[in-house]
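My notes follow in the order of looking.

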Number of protein chains: 4
Amino acid sequence: MSTFVVHSTVRLQHTDAAGILFFANQLIFAHEAYEKFMEHIGHSFASIFDSSDYIIPIVHAEADYLGPLRVGDAITVELTIENIGNSSFVIAYYIRAVDGTEVGKCRTVHVTADRNSQSKIPIPASLRNALERFRESSAHVDP
Amino acid sequence: MSTFVVHSTVRLQHTDAAGILFFANQLIFAHEAYEKFMEHIGHSFASIFDSSDYIIPIVHAEADYLGPLRVGDAITVELTIENIGNSSFVIAYYIRAVDGTEVGKCRTVHVTADRNSQSKIPIPASLRNALERFRESSAHVDP
Amino acid sequence: MSTFVVHSTVRLQHTDAAGILFFANQLIFAHEAYEKFMEHIGHSFASIFDSSDYIIPIVHAEADYLGPLRVGDAITVELTIENIGNSSFVIAYYIRAVDGTEVGKCRTVHVTADRNSQSKIPIPASLRNALERFRESSAHVDP
Amino acid sequence: MSTFVVHSTVRLQHTDAAGILFFANQLIFAHEAYEKFMEHIGHSFASIFDSSDYIIPIVHAEADYLGPLRVGDAITVELTIENIGNSSFVIAYYIRAVDGTEVGKCRTVHVTADRNSQSKIPIPASLRNALERFRESSAHVDP
């Protein structure tokens with residue numbers, strides 16, 4: 001299974017008055033990893049916004065919280081492709097503290113749709129190839 | 001089934017460059033409804049932070065996205081208690097546009113834990129009573 | 001001097017691990033008031049995004065913090081038009097706690113620019129009229 | 001003049017429906033640089049929260065917006081200490097695009113206060129020394 005690793009740090013903006021990461025912000029870290037991953041496979045958000053005739057809305061997201069994260073905590077997000085369907089794909093994210101403890105996980109489901117009609121379309125070939133190539137590469141990308 | 005309704009509006013801060021609500025911010029609207037609900041049943045976050053010996057971390061969250069939301073869109077969040085367990089409870093949120101279309105839903109799972117030890121504890125009686133009283137009241141609270 | 005009042009509440013998402021409002025989020029409350037004000041004078045963001053040939057970027061923002069705000073604190077934002085220039089206008093925001101104490105203030109400077117060329121243009125007549133009409137109305141709008 | 005440089009990237013979460021960086025989020029980048037800087041000089045937020053008897057609230061912030069930033073844009077934040085007073089200090093931030101164009105600047109004013117009484121106190125010696133040592137080092141730290 002190929003893995004794409006992103007290193008981040010919990011900043012004050014991500015925390016709340018309970019002293020820990022505000023729950024919705026775990027998905028911010030997941031999405032940041034997803035954006036870097038899309039750049040890595042040649043499908044950056046900038047290029048999709050500028051020049052593609054499709055969009056990739058998220059239709060489902062979920063998150064588990066396995067341990068508290070505090071300001072200054074370094075984390076790694078390990079992104080894997082969990083599934084590639086006909087017009088959707090699923091990304092999973094494992095979030096670990098520096099000592100390796102799993103502190104959270106997320107999953108996001110992405111659908112490809114025509115930019116104008118907003119109707120579901122099969123994943124465009126170029127994106128499908130990039131996703132499949134990464135998934136089958138057994139890569140462990142840690143830039 | 002009792003329902004607690006919160007009215008909100010999508011603001012520029014909630015949107016992203018795709019022109020619609022940034023996915024993680026749907027959970028912001030859910031949590032805002034949850035905070036107002038907790039105030040309504042007499043267990044405001046302010047009082048929990050100031051004077052309770054327990055905390056109520058979220059251990060799981062999920063969201064479905066059923067339609068795009070844009071800046072200025074008025075929404076209603078309908079909150080219901082989906083389950084009350086021994087040391088956890090589940091809140092569900094149905095998000096509708098002004099015309100009644102369901103545009104999203106969320107679910108959050110909350111655990112009660114001792115503030116010092118951070119270990120799971122049974123839902124304290126006062127909170128359990130407030131949750132159960134609301135759930136059994138068949139109320140439709142739309143402040 | 002005309003005033004447009006918006007009532008808000010500090011939510012968990014706005015706070016940070018110091019237990020108080022994260023400083024940048026004071027500008028979120030100011031901008032929310034600005035969006036409601038623009039709707040009030042008939043120039044909603046939705047209408048500007050959909051159908052105007054100009055944009056109104058913010059070129060300067062500033063904020064003073066006069067007292068701590070905590071989760072659950074109710075606030076009022078009092079918006080006034082501080083200046084209307086040739087191609088820019090200035091909005092000021094006074095933020096008060098429920099007891100009337102001033103807890104913060106902000107100022108934002110907005111420039112009108114052509115949507116395509118991005119060059120500065122004089123404030124379009126319809127917007128200028130709406131801004132001037134409000135400023136001269138001695139209104140105290142508290143919806 | 002010593003400079004501390006932080007590299008960041010504009011992510012989808014930072015943008016809004018106008019297609020560019022949401023104005024308040026420029027201060028997020030500034031504060032992230034400030035947090036990294038404080039770690040660099042040995043006064044991390046984690047250590048201040050855990051073990052200091054003082055707090056360092058921001059009492060003023062301001063931002064200028066000199067050019068639009070879009071999703072995926074790499075930026076550098078150059079942090080300098082603009083002033084060290086008796087019980088306050090001022091940090092300035094120059095934000096540049098990859099081609100060196102200045103796209104924004106910020107300034108934040110920080111006050112030292114007793115954690116319990118919340119009253120202003122002179123900048124504690126250890127923090128003052130760290131700030132002065134950095135300012136006088138003519139360093140250009142680009143980690």
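Entry 1, a loop serine. I went to D:S138 and found it in the loop between α3 (125-136) and β8 (140-141) of chain D. This is a predicted model, so I kept its confidence limits in mind. I read off the phi of D:S138, which is near 50°. That is a positive value in a residue other than glycine. I noted it because most residues other than glycine have a negative phi. Is D:S138 buried or exposed? I counted 9 other C-beta atoms within 10 Å of D:S138. The cut-off for exposed is 12 or fewer, so D:S138 is exposed.

I then looked up the serine of chain A. A:S138 sits in the loop between α3 (125-136) and β8 (140-141) of chain A. Phi of A:S138 is near 50°, again positive and again not a glycine. A:S138 is exposed, with 9 other C-beta atoms within 10 Å.

I superposed chain B on chain A. A turn of 180° with a shift of 0.0 Å along the axis does it, and the RMSD is 0.0 Å. Which residue of chain B has its C-alpha nearest the axis? I found B:E62, at 2.0 Å from the axis. The two copies use the same surface: 100% of the contact residues of chain B recur in chain A.

I listed the contacts next. Chain B puts 18 residues in contact with 18 residues of chain A. On the side of chain B that touches chain A, α1 (25-40) and β3 (58-65) each supply at least two residues. β3(B) gives the most, with eight residues. By class, this side of chain B has 14 nonpolar, two polar and two charged residues.

I followed the strands across this contact. Strand β3 (residues 58-65) of chain A is joined to β3(B) by five bridges. The two strands run antiparallel. One position I checked was A:A61, which stands opposite B:A63 in β3(B).

I repeated the superposition with chain D. Chain B can be laid on chain D by a turn of 180° and a shift of 0.0 Å along the axis, with an RMSD of 0.0 Å. That is the relation of a two-fold axis. Here too the same surface serves both copies, and 100% of the contact residues of chain B recur in chain D. Of the residues of chain B, B:D16 comes closest to this rotation axis, at 1.9 Å (C-alpha).

How many residues of chain B are in contact with chain D? I found nine, and they meet nine residues of chain D. The side of chain B that touches chain D has four nonpolar, three polar and two charged residues.

Two packed helices are described by the angle between their axes and the distance between the axes. I looked up both values for helix α1 (residues 24-40) of chain C and helix α1 (residues 24-40) of chain D. They pack at an angle of about 180°, with their axes 9 Å apart. α1(C) and α1(D) are therefore roughly antiparallel to each other.

I wrote down the residues that meet. From α1(C) they are C:A24, C:L27, C:I28 and C:H31. They meet D:A24, D:L27, D:I28 and D:H31 in α1(D). The residues of this contact divide into six nonpolar, two polar and no charged.

Definitions and conventions: Residues numbered from 1 in each chain as written. Chains lettered and ligands numbered in written order. Predicted model: local features only at pLDDT ≥ 70, side-chain atom pairs only at ≥ 80, totals over all residues. Least-squares fit on C-alpha atoms with pLDDT ≥ 70 in both. Contact = placed C-beta atoms within 7 Å. Nonpolar A, V, L, I, M, F, W, Y, C, P; charged D, E, K, R; others polar. Axes fitted to C-alpha atoms, helices over the stretch in contact; angles between N-to-C directions. Helix = DSSP H or I, 4+ residues; strand = E, 2+ residues; numbered from the N terminus. Parallel < 35°, antiparallel > 145°, perpendicular 65-115°, else oblique. Buried ≥ 20, exposed ≤ 12 C-beta atoms within 10 Å, placed from the backbone. Pairing = 2+ DSSP bridges.
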